[in-house]
Amino acid sequence: MKVGEIASICHYSGKTWFKSVVLQVEKDLLVVKLVKEFVILNFLENDPVVLGYEENDEVFIAGCIVKGIDPDCSYIKLKVESVRSLKEQRECERFPVSFYAKIKCDDSDKINVATIKNMSFDGLMINTAADFPLKKNIEVTIYPTFQEVKIDEDVDKTVISLRSDIVRKEAFTRYFEYRLKITNIDAQNQNLLRLYLQSIKGLQQRFLKDLKEKL
């Protein structure tokens, strides 16, 4: 990743990727310029963000966390936590995403808000202010960014529902980070999860290709 690089940004408050320009690179920290379309996004500190860029005709995806926001909303600071090539991405690997979710335990009626940082066919990582114990089984309802993805033309379903166990927990100043292992997901939701992950890769590649052709 270089200064001046054209990149894509995906955040759970938007429905597609947005064009961005890298202004500064320092180890795992990036400063990214926000184009005018960013006014519709609602960034918060520690939000997950997905950044895509192309290098030597190969598409890379970076899972990032928001670490600073300019008051005038002209740029954001991102900490890069992972970088993966779409070419080498295997189905079993967790894919960086920025999705909104709701989580709930069986022993409580309270619904908690969470954000999804990454996900695969067997697990996911989330951030939330809710404090749960390890090994707790929770219900997760995910609201993916790309609402146009459907199982088929007759099923208008835009959320993914599943149950999972908390297998790892890390406490931060204002939130907790949980690694979850999927324990129960029906065939319809499993198929929808697969379609979302496959569609994200294809959409990301096409978006970056379009950006490159417009330069």
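Colleague: What stands opposite Ser8 in strand 4?

Modeller: Gly52 does. This is a predicted model, where local features need pLDDT of at least 70, side-chain atom pairs count only at pLDDT 80 or more, and totals for chains, interfaces and linings use all residues. Numbering starts from 1 along each chain as its sequence is written, and side-chain values use heavy atoms, with hydrogens and water left out.

Colleague: How do you know that strand 1 and strand 4 pair?

Modeller: Two strands pair if DSSP finds at least two bridges between them. Strand 1 (residues 6–10) and strand 4 have three, in the antiparallel sense, so they qualify. A strand here is a DSSP run of E, at least two residues, numbered from the N terminus.

Colleague: And what joins strand 4 to strand 5?

Modeller: Eight bridges, with the strands running antiparallel. Glu55 stands opposite Glu58 in strand 5. The two strands form a hairpin with two residues between them, and Asn56 in the turn has a positive phi of about 55 degrees.

Colleague: What does Ile65 touch?

Modeller: Contact means heavy atoms within 4.5 Å. Not counting residues up to four places away in sequence, the partners of Ile65 include Asp47, Leu78 and Asn127. Ile65 and Asp47 are 18 residues apart in sequence and 5.5 Å apart in space, C-alpha to C-alpha.

Terms used. Helices (H or I, at least four residues) and strands (E, at least two) are DSSP runs, numbered from the N terminus.
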